[in-house]
Amino acid sequence: MKHILIVVIFFMALNFSVRAQKLEVTESDYINTKVEMADTFRKEGKIYTVVAIVVTVMAGIFIYAFLIDRRLAVLEKELKK
Amino acid sequence: MKNYWWKILTVLLVAFTLIGGLLLEVPRLAILNETIRSLYFHVPMWFGMTILFTVSVIYSIKYLRSQNSLDDFKAVEFANAGIAFGVLGMVTGMIWANFTWGEPWSSDPKQNAAAIALLIYFAYMVLRNALEDEQQRARIGAIYNVFAFAAMIPLLFILPRLTDSLHPGNGGNPGFNAYDLDSKLRAVFYPSVIGWTLVGVWLASLRVRIRVVADKLLERGS
């Protein structure tokens, strides 16, 4: 029990000291329009094209990985016989 | 199905990272601008590498206790996957740094330390390949891996924090210093770390299984 308390206090202290050093991201950072972002690009919906392409590539690579996995499983089964 | 669930989880987590990482709201921070989204892809490479190297060193220690070659296979392949992640982390970091810090390599303490850590792990592979005898290779490799891990941790997590670094959270550098305190960034960042790490585990496990099959075939041949 005592040990748990010590660990908890240690992590709380660590957390506070880390927080004190860091520059926090605040709500105002989310609405700060002075910083340039890809707003027009997003408004026009072009970002969805990018997402679609990236996800398609990812899906293809994962399907490929699954096929390799299956072929290896067949080999393992064969070797067990 | 029983063994496949975590692979499906991997796919879902990575898909969420790609979609959420590109579409969800991020803070508008100077210098970083839209590139803050690299946080979901660059940093998880290093987290993944550290986790994979940790798994590797655990299997190396297990090998030293058990002398079971399966433990050695796991140690090597998790280290291999970790190296792949480390190289990706390095390259993505240089691309990102070129935009935010003005040059790909600013000899930042963390960059240098990461390069040294990777070289130590390259040497692990070179050392293994230099040894002919299988048992000797496994044993010396396992011992070296323990030392490599013991060098990697301070190089990446302690030394860069003692001096000023361009990396957030080291020295007094702002930027997105507080990314891990911001709940919106965290919502994508943590799933991303788990997802990418699982990709590494999957690839490592495939290579371990290939090694086991090859080993059995060799046994049969002789």
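This is a predicted model: local features need pLDDT of at least 70, side-chain atom pairs count only at pLDDT 80 or more; totals for chains, interfaces and linings use all residues.
Let's start where the chains meet. On the chain A side, 26 residues are in contact with 26 residues of chain B. Two helices of chain A, H2 (27-31) and H4 (46-80), each supply at least two residues of the side that touches chain B. H4(A) has the largest share of that side, with 14 residues.

Two packed helices are described by the angle between their axes and the distance between the axes. For H4(A) and H6(B), the axes come within 10 Å and cross at roughly 25 degrees. Because the angle is under 35 degrees, H4(A) counts as roughly parallel to H6(B). The crossing of H4(A) past H6(B) is left-handed. If you want to select the atoms involved, H4(A) brings Ala65(A), Ile68(A), Asp69(A), Leu72(A), Leu75(A), Glu76(A) and Leu79(A), while H6(B) brings Trp202(B), Leu206(B), Arg209(B), Ile210(B), Val213(B) and Lys216(B). Sorted by class, this helix contact has nine nonpolar and four charged residues, and no polar ones.

Now move into chain B. The largest nonpolar core has 48 residues, and those touching the most other members are Leu52(B), Phe53(B), Ala75(B), Phe78(B), Ala79(B), Ala117(B) and Met152(B). Six helices of chain B give two or more residues to this core: H1 (5-23), H2 (42-66), H3 (69-100), H4 (109-130), H5 (134-162) and H6 (183-221). H2(B) gives the most, with 11 residues. For a close-up, pick Ala117(B): leaving out residues up to four places away in sequence, Ala117(B) touches Met152(B), Leu155(B) and Leu156(B).

The axes of H3(B) and H4(B) are 10 Å apart, at an angle of about 145 degrees, and H3(B) passes H4(B) in a left-handed crossing. From H3(B), the contact uses Val76(B), Ala79(B), Gly82(B), Ile83(B), Gly86(B), Val87(B) and Met90(B); from H4(B), it uses Ala114(B), Leu118(B), Tyr121(B), Tyr124(B) and Arg128(B). Nine of the residues in this contact are nonpolar, two are polar and one is charged.

Technical notes: Residues are numbered from 1 along each chain as its sequence is written. Chains are lettered from A and ligands numbered from 1 in the order in which they are written. Two residues are in contact if their C-beta atoms, placed from the backbone, lie within 7 Å. Helices (H or I, at least four residues) and strands (E, at least two) are DSSP runs, numbered from the N terminus. A nonpolar core is a set of buried Ala, Val, Leu, Ile, Met, Phe, Trp, Tyr and Cys residues joined through C-beta atoms within 7 Å. A residue is buried if 20 or more other C-beta atoms lie within 10 Å of its own, exposed if 12 or fewer, and partly exposed in between; C-beta atoms are placed from the backbone. Axes are lines fitted to C-alpha atoms, for helices over the stretch in contact, and angles run from 0 to 180 degrees between N-to-C directions. Angles under 35 degrees count as roughly parallel, over 145 as roughly antiparallel, 65 to 115 as roughly perpendicular and the rest as oblique. A crossing is left-handed if the near helix is turned anticlockwise from the far one by less than a right angle, and right-handed if clockwise. Ala, Val, Leu, Ile, Met, Phe, Trp, Tyr, Cys and Pro count as nonpolar, Asp, Glu, Lys and Arg as charged, and the others, Gly among them, as polar.
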